Amino acid sequence: MSHNANTAETKKSGGGFSLGWILHSPLALPLIGLIVVSVLMGFASENFFSVSNIMNVLRQVSIVGILAVGMTFVILTGGIDLSVGAVMALSGTIAAGIMVNMELPGWIGLLAGLGVGVGLGIFNGIMVAWGRMPAIIVTLATMGIARGFGLLYSGGYPISGIPSWISWFGIGRIGIVPVPVIAMVVIYALAWVLLQRTPFGRHVYAIGGNELAAKLSGVKTQMVKLAVYAISGLTSSFAAIVLTGRLMSGQPNAGVGFELDAIAAVVLGGTAIAGGRGLILGTLIGAVLLGILNNGLNLMGINPYLQDVIKGLIILLAIYIGREW
Amino acid sequence: MSHNANTAETKKSGGGFSLGWILHSPLALPLIGLIVVSVLMGFASENFFSVSNIMNVLRQVSIVGILAVGMTFVILTGGIDLSVGAVMALSGTIAAGIMVNMELPGWIGLLAGLGVGVGLGIFNGIMVAWGRMPAIIVTLATMGIARGFGLLYSGGYPISGIPSWISWFGIGRIGIVPVPVIAMVVIYALAWVLLQRTPFGRHVYAIGGNELAAKLSGVKTQMVKLAVYAISGLTSSFAAIVLTGRLMSGQPNAGVGFELDAIAAVVLGGTAIAGGRGLILGTLIGAVLLGILNNGLNLMGINPYLQDVIKGLIILLAIYIGREW
Amino acid sequence: QDDGLKIGMTFQEMNNPYFVSMQEALMEAAEDLGAEVVITDAGHDVAKQISDVEDMLQQDIDILLLNPTDSAGIEAAVRMAKQQDVIVVAVDANANGPVDTFVGSKNRDAGYQSCKYLADALGGEGEVAILDGIPVVPILQRVEGCKAAFEEYEGIELVDTQNGRQDRSVALGVVENMIQSHQNLKGIFSVNDGGAMGALAAIQGSGRDIKLTSVDGAPEAVEAIANGTPFIETTAQFPRDQVRVGLAMALAQKWGARVVPSEVPIDVRVVDAENAADFSW
Amino acid sequence: MLQLTGIKKKFGNIQVLHGVDLDVKAGEVHALLGENGAGKSTLMKILTGILQPTEGRITIEGKDHSFANYDEAIEAGIGIVFQEFSLIPYLTAVENMFLAREMRNRLGLLDRRAMRKRAREILARLEVDVPLDVPIAKLSVAEQQFVEIAKALSLNARILVLDEPTATLTPSEVAHLFKVMRELRKQGVAIVFISHHLEEIFEICDRITVLRDGEFVGNCLVSETDNDRLVEMMVGRRIENSFPPKPGPRPGAKVMLECEEVQLRKGGPVSSFELREGEILGFAGLVGSGRTETALAMLGAWPAAKCKVMVDGEETRFKEPAEALAHGIGLLPESRKEQGLITSFSILQNISLNNYGKYRRGHWFIDLKKEREATETAMGQVRVKAQGPMARVDTLSGGNQQKVVIARWLNHQMKVLIFDEPTRGIDVGAKAEIYQLMREFTAQGYAIIMISSELPEVIGMSDRVCVFNSGGIAATVEGDAINSEEIMTYATTGRDRHVA
Ligand SMILES: Nc1ncnc2c1ncn2[C@@H]1O[C@H](COP(=O)(O)OP(=O)(O)OP(=O)(O)O)[C@@H](O)[C@H]1O
Ligand SMILES: Nc1ncnc2c1ncn2[C@@H]1O[C@H](COP(=O)(O)OP(=O)(O)OP(=O)(O)O)[C@@H](O)[C@H]1O
Ligand SMILES: [Mg+2]
Ligand SMILES: [Mg+2]
């Protein structure tokens with residue numbers, strides 16, 4: 001119980017060029033975890049530190065990384081969003097459906113996908129904020145509804161045949177940097193501004209810290225909650241664009257279990273699951289850490305069954321070490 | 001916010017033979033939900049109210065119903081156990097493995113299965129109570145570990161060839177009542193006694209109500225938390241016995257997503273997800289309600305994709321109506 | 001890095017004996033060749049499967065045996081592999097993009113034969129149902145073949161299609177309900193043996209006389225058929241042979257063959273009580 | 001300038017306010033008095049738009065207002081410091097002060113520099129020095145209290161409501177607060193001040209309005225009334241001498257508990273004390289001086305650097321309060337709601353929470369009948385006012401909640417009870433009853449440690465007093481030395497006096 005949302009920046013502004021502040025920031029432990037795991041992987045597999053593999057890991061991280069942005073907003077308010085994976089899948093499926101079945105231009109499909117994501121996010125937000133229902137249940141139900149709807153819409157078949165320029169979002173590059181990685185970094189930067197530099201961001205932290213007090217201070221708690229779920233829906237549909245670009249098709253079954261990866265990224269990044277404390281950069285570190293685990297275990301040729309066990313143990317260990325932030 | 005853990009009995013003890021207390025109890029809404037859905041299903045499908053179908057529904061409910069008992073204990077303390085499905089699968093797989101690969105008698109296998117369940121429950125409990133880590137993360141990690149371990153142990157093959165008497169637990173009957181249903185009812189009765197008639201039960205509610213106050217007044221909060229996760233592990237392995245009896249094999253990948261059904265049953269039964277309030281009988285009603293939904297939608301021949309959507313909507317509706325308990 | 005042959009194989013799932021036996025055949029073959037093998041499990045998630053392939057390409061594999069969880073979705077991975085001059089062979093299900101060879105069962109045939117066998121066993125009369133699975137091309141083809149077979153019989157009526165997700169425990173509940181709602185149900189076709197084992201438990205639990213057929217030829221299924229249960233037939237595929245043939249095609253190409261067939265359909269075979277005792281993958 | 005007329009409020013079918021009037025003039029400090037549960041906080045929440053009245057009128061400077069929420073009240077120039085803290089623990093003082101009315105720069109982003117500057121100005125006006133970059137949870141209670149006041153002031157409130165702001169402050173901090181209040185009064189701010197400390201009323205207030213059980217009793221000028229008259233207005237009867245007589249020293253009383261060394265933090269001071277049968281040992285000191293932490297450390301609920309305790313001649317270090325309980329040591333925590341009560345439980349369940357040893361049937365099970373009987377007895381003994389043992393504790397007033405926590409320890413065979421701020425936020429009538437109960441306990445052979453920030457209470461009740469200063473005991477005083485000069489000297493001066 002010894003940090004706050006802003007310790008990092010506060011310390012930074014004081015410290016000239018010294019990097020000592022990092023050690024005192026809530027980012028310290030996730031960063032140390034990241035470095036330790038990277039070094040281990042680097043020893044175990046010679047390909048690990050090649051530029052191409054680093055870009056490869058970041059590209060793989062991008063989808064869960066983008067989902068985890070919205071998840072961070074939601075968790076900071078003390079909520080949770082189990083529907084992100086399903087919303088992503090539905091958003092991508094409908095985007096593809098509009099391009100392929102209705103033969104409308106690609107950008108209309110993408111916009112429709114964003115609409116689906118934000119719409120479901122708003123639905124979650126209304127249920128949680130005005131319906132006063134527990135987020136875990138609301139978003140669980142939304143998950144089921146979105147999955148069912150995606151399968152209904154597509155008849156269970158993936159929808160392929162979308163315009164080929166869409167693949168740019170999934171496999172394109174600018175210089176040597178993959179487009180999804182750039183998209184992820186931009187989204188994190190925007191989220192950082194939103195959380196650390198706007199009143200809205202303060203309100204997100206305030207609600208997670210003490211909702212009643214925030215309400216009494218005049219924070220429009222219901223609107224803020226609505227907004228965080230809407231943001232989560234929006235980032236889910238951003239992730240859907242990258243996913244659609246990678247798969248070049250709408251996949252109603254995609255992203256099963258991604259909500260758990262996104263939650264793990266947020267928590268590995270040092271955000272308190274009860275809300276009120278955490279940094280968006282921590283989430284990025286957490287997502288990369290998870291990606292490195294997946295990639296490294298693959299590179300090391302570990303038995304896939306054993307990979308689950310190792311991943312579980314490492315997550316436990318990381319959370320255990322970091323639990324006092 | 002107008003009930004407490006014991007309203008039901010209080011009212012009952014006062015009311016002679018009148019059934020009016022039910023209307024004021026937190027069980028009222030789940031019960032009404034159950035009745036409404038049953039009547040609707042009865043209209044929609046003529047087979048619904050046949051004795052054989054009722055037994056069929058109850059038998060199908062039994063596995064999730066048993067898992068939901070342990071989940072109720074955990075949720076009452078304000079925790080959550082996402083590992084129940086995976087623990088059930090691992091417990092059944094190891095039980096079968098011991099019977100088949102090691103050729104030991106069936107009862108040793110079953111005992112080993114129970115040991116696995118309780119052991120993983122204790123592991124969860126230690127991490128949560130002494131490690132002070134968030135339950136959602138601990139049990140998520142345990143879920144991955146248990147699944148990976150089950151697949152490693154079995155090499156991905158189901159383990160069949162177990163002694164045929166084990167099937168009694170899954171498909172046997174006493175009179176017309178299936179054995180799993182009897183097992184479920186007995187487990188609920190025991191849980192009711194434990195929660196409503198023992199100091200331990202009061203302490204479970206107290207921790208969910210205000211953990212700090214419970215601790216300062218001398219409740220052994222860590223031991224109680226350990227116990228609820230151990231109970232959840234135990235009920236998971238009871239469910240594994242029924243499952244093994246039904247499938248006549250050890251299935252490392254069985255029960256994927258069952259944790260969500262168990263949580264839904266608990267919450268549909270009126271237990272607060274934040275802990276401190278709820279009744280075990282509500283969970284039973286919740287589990288049966290879910291079972292009826294599955295069964296009824298199947299009987300009506302609804303498109304399976306649409307079933308997901310309908311189930312999600314009904315869960316939302318039920319929670320919305322019941323949210324003020 | 002040494003110049004030994006490096007083979008990568010990505011599976012759509014690895015908690016199914018069908019794919020596990022493929023993996024075993026691959027390991028045996030690789031040992032003969034002295035090749036190194038990398039194996040990944042996509043868990044039915046295309047996005048993960050693409051990542052898995054990317055990771056394999058980082059390890060400079062020479063041959064990619066691809067068992068796609070989705071044909072369209074995996075295309076990006078196929079292209080990436082071809083860019084690195086890796087030989088790509090799709091196994092069991094085909095993939096979009098410049099795949100060198102596809103080795104797979106005649107899935108439509110499999111569905112057709114199973115359902116024909118079922119209809120014949122019922123004397124061409126009665127209500128039947130299909131226990132569907134995860135919507136991927138091979139499964140969809142089996143259902144298609146099955147429906148075609150049923151249509152050849154006047155007296156066969158398809159009354160229900162439900163999804164058992166190819167999972168024994170899910171299928172069990174679904175089939176129990178199916179049996180409840182169709183009092184005259186006489187036969188069930190399951191798209192794979194995993195679902196069929198659940199359906200078998202449901203049929204046995206109900207005590208009704210319902211016949212069951214399926215596709216795969218998994219050891220458990222074969223044993224159940226040999227034991228004279230309601231499970232009367234499974235149309236066996238040859239997972240080990242698919243891998244062996246696939247690997248052979250890839251090697252042929254690696255050695256310079258230019259006329260490697262782009263598609264190698266592998267036959268399926270009816271396994272019933274008569275030949276079950278002798279059959280194994 | 002502010003008038004409330006005929007305010008009524010019902011929660012469900014419980015009538016809490018039965019037509020209350022209040023009128024406050026500009027530039028006055030107006031006291032709102034009444035027992036626990038009289039409805040003071042409820043009335044103030046209605047004034048600030050947090051609750052809606054069932055009936056009644058709010059007029060400000062002759063204009064009728066009805067506030068749908070707090071924001072509208074703020075618009076009308078009303079600010080409030082709540083009885084319960086309403087700060088966000090992980091945000092800094094600046095962020096808390098400007099929560100929901102942040103300053104923005106041209107880009108619409110937070111103007112952090114401007115907010116900091118303004119916060120400095122306001123805090124300077126209050127003459128307090130609060131660290132601005134630290135999460136509020138790390139500040140002392142007094143600092144948090146001043147941040148709350150600063151937050152209300154940052155709204156430029158013309159009407160300022162202070163609901164029991166002094167309950168957690170030390171005398172010097174109270175004096176400081178009063179200085180600030182006088183300054184505001186001079187500037188024409190109307191202040192509504194709620195407190196259970198009558199001497200504060202006489203010191204700072206101009207006029208008084210008294211409530212009793214949600215009824216308006218009357219109002220008067222401070223200069224025209226006295227202590228006894230006020231008490232009579234509040235409770236409807238006279239309260240005699242509130243501190244029961246001290247029984248005097250008992251020769252040869254045995255030592256119940258000996259605390260050999262407690263060190264709260266590495267490098268901090270090391271304290272020791274002993275507690276004898278039948279005595280009340282006071283812990284005095286400023287807020288944050290480590291009294292609560294010392295008590296928690298003894299119970300095993302605070303990770304002290306060192307903590308050696310002798311109970312019955314046996315040396316122990318408790319790992320958790322349950323172990324202390326087994327040795328007969330119990331705690332009445334300082335914050336009822338956060339640390340004392342399970343608010344979703346009934347009175348009965350709260351009282352029996354840690355005493356199931358007493359009501360067992362067949363060893364494993366709860367004997368519901370015995371539990372109920374024992375609860376009713378205990379409730380009678382401490383005189384809890386409630387509908388019955390099954391009433392939920394969160395429907396009780398503060399004083400009655402406190403009594404429920406006391407009743408929890410009543411039928412234990414305890415040896416040592418630690419009462420942490422037992423009368424915080426408790427009205428005079430209930431206070432006298434709690435003092436009486438404490439003496440009844442000691443007469444039965446209990447020993448009590450009483451932590452209190454109220455000097456009169458410490459002096460009036462304690463047989464001996466340990467005075468805390470920055471994390472350790474600076475001195476232990478006894479007999480005639482228990483007086484306010486002596487205690488305040490040890491509590492406020494440097495540690496050097498203690499070292500000898
Ligand atoms: N939300 C509520 N529901 C029901 N009763 C309530 C509610 N809030 C307050 N009450 C009741 O209203 C009465 C007045 O409470 P209030 O908090 O205004 O008292 P108070 O005068 O401020 O007391 P104290 O001095 O203890 O702070 C009490 O009896 C309390 O139990
Ligand atoms: N330096 C500090 N850092 C963080 N928290 C502190 C510090 N000093 C005091 N506190 C907090 O302030 C509160 C009061 O401290 P403590 O319990 O030691 O004081 P006390 O003498 O019992 O005062 P009171 O009981 O009147 O609050 C505690 O909750 C403590 O955690
Ligand atoms: Mg009050
Ligand atoms: Mg204190």
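I will speak about confidence, then about a sheet in one chain, and then about a contact between two chains.

Please keep in mind throughout that this is a predicted model. For chain C the mean pLDDT is 93, with 99% of the residues at 70 or more; within that chain, confidence is lowest in helix α6, residues 168–181, at a mean of 89, and highest in strand β4, residues 87–91, at 97.

Let us turn to chain D, where 6 strands form an open sheet of mixed pairing, in the order β6-β7-β8-β3-β9-β10. Strands β6 (78–81) and β10 (215–221) of chain D stand at the edges and have a single partner strand each, so one side of each is left without a neighbour in the sheet. From one strand to the next, the twist averages 20°. Inside this sheet, β3 (residues 29–33) and β8 (residues 190–194) of chain D pair in the parallel sense over 4 bridges, and there H30(D) has V192(D) as its bridge partner. Helix α5 of chain D, residues 141–153, packs on the sheet and touches β6 and β7, its direction making about 175° with that of β6(D).

Finally, how much area do chain C and chain A bury between them? The value is about 2,200 Å², 49% of it on carbon and sulfur atoms, and the contact takes 26 residues from chain C and 28 from chain A. The rule finds 2 salt bridges across this interface, including one between the side chains of R246(A) and E54(C), at 2.3 Å from N to O. On the side of chain C that touches chain A, α2(C) gives the most, with 8 residues.

Terms used: Residues numbered from 1 in each chain as written. Chains lettered and ligands numbered in written order. Predicted model: local features only at pLDDT ≥ 70, side-chain atom pairs only at ≥ 80, totals over all residues. Heavy atoms only, no water. pLDDT = per-residue confidence, 0-100. Pairing = 2+ DSSP bridges. Axes fitted to C-alpha atoms, helices over the stretch in contact; angles between N-to-C directions. Contact = heavy atoms within 4.5 Å. Buried area = accessible area lost by both parts, 1.4 Å probe. Salt bridge = Lys/Arg side-chain N within 4 Å of Asp/Glu carboxyl O.
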